[in-house]
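Subject: Structure handover and notes

Hello,

Please find the structure below, followed by notes on what was found in it.

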Amino acid sequence: MVKLIVLYGHPVDSAAFETYYSETHLPIAAAIQGVNRVELTKFIGTPEGGKSSQYRMAELYFDSIEELQKQMGSPEGQAAVNDISNFATGGVDVMIGDVES
């Protein structure tokens, strides 16, 4: 199993980010086929009480790298990718990870 990891930096306007993310981006991303599981995380800080280096994280799990590539290359996957620049004012890092048991 592999996962697509999207790390969002702190946005310029967190309220605007949250509204767009929940009302627009997540419905677009929900159309991606082949996703086994989705985990969404909103960071609340560090163990020392400081501000986290990232604002949010989305993890999308797929059966294989081939399935991830197929689905992210689909019109639905590309729509989600292309939408990121509409709201991620704090920048974004995208990675692929191999899930180990």
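How much space lies in the largest pocket? The answer is about 320 Å³. Before the rest, two points on the source. This is a predicted model, in which local features need pLDDT of at least 70 and side-chain atom pairs count only at pLDDT 80 or more, while totals for chains, interfaces and linings use all residues. Residues are numbered from 1 along each chain as its sequence is written, and side-chain values use heavy atoms, with hydrogens and water left out.

The pocket

A pocket here is an open set of points on a 1 Å grid over the protein atoms alone, where a 1.4 Å probe fits, with protein on both sides within 12 Å along at least five of seven lines; lining residues have an atom within 4 Å of a point. Grid points are joined across faces, edges and corners, and the volume is the space filled by probe spheres set on the points.

The lining of the largest pocket consists of 19 residues, and those nearest its centre are His25, Ala29, Ile32, Leu60 and Ala80. At least two lining residues come from each of strand 1 (2-8), helix 1 (14-30), strand 2 (37-42), strand 3 (56-62) and helix 3 (75-83). Helices (H or I, at least four residues) and strands (E, at least two) are DSSP runs, numbered from the N terminus. Helix 1 gives the most to this lining, with five residues. Sorted by class, the lining has 18 nonpolar residues, one polar residue and no charged residues. In that count, Ala, Val, Leu, Ile, Met, Phe, Trp, Tyr, Cys and Pro are nonpolar, Asp, Glu, Lys and Arg are charged, and the others, Gly among them, are polar.

The core

A nonpolar core is a set of buried Ala, Val, Leu, Ile, Met, Phe, Trp, Tyr and Cys residues joined through side-chain atoms within 4.5 Å. Buried means under 20% relative accessible area, exposed over 50%, and partly exposed in between (1.4 Å probe, protein chains only).

The largest nonpolar core has 18 residues, and Leu4, Tyr8, Ile32 and Phe62 have the most contacts inside it. Strand 1, helix 1, strand 3 and helix 2 (65-72) each supply at least two residues of this core. Strand 1 gives the most to this core, with four residues.

Which residues of helix 2 are buried? They are Leu68, Gln71 and Met72. These residues lie on the same side of helix 2, because they cover an arc of only 95 degrees around the axis; the arc is that of the directions from the helix axis to the C-beta atoms. Glu66 and Lys70, on the other side of helix 2, are exposed. The buried residues of helix 2 pack against strand 1, strand 3, helix 3 and strand 4 (92-98).

In helix 3 the buried residues are Gly77, Ala80 and Asp83. They cover an arc of only 130 degrees around the axis, so they are on the same side of helix 3. Pro75 and Asn82 are exposed on the other side of helix 3. Packing of the buried residues of helix 3 is against helix 1 and helix 2.

Single residues

Met72 is in helix 2 and is buried, with a relative accessible area of 13%. Not counting residues up to four places away in sequence, Met72 touches Leu4, Ile32, Phe62, Gly77, Gln78 and Val81. Met72 and Gly34 are 38 residues apart in sequence, and their C-alpha atoms are 9.6 Å apart in space.

Ser52 is in the loop between strand 2 and strand 3. Buried or exposed, what is Ser52? Ser52 is buried, with a relative accessible area of 11%. Its contacts, not counting residues up to four places away in sequence, are His10, Phe43, Gly45 and Thr46.

Thr19, in helix 1, is partly exposed, with a relative accessible area of 42%. Asp98, in strand 4, counts as exposed at 59% relative accessibility. Asp98 touches Met1 and Val2, not counting residues up to four places away in sequence. The C-alpha atoms of Asp98 and Ile65, 33 residues apart along the chain, are 8.6 Å from each other.

Regards

How values were computed:
Contact means heavy atoms within 4.5 Å.
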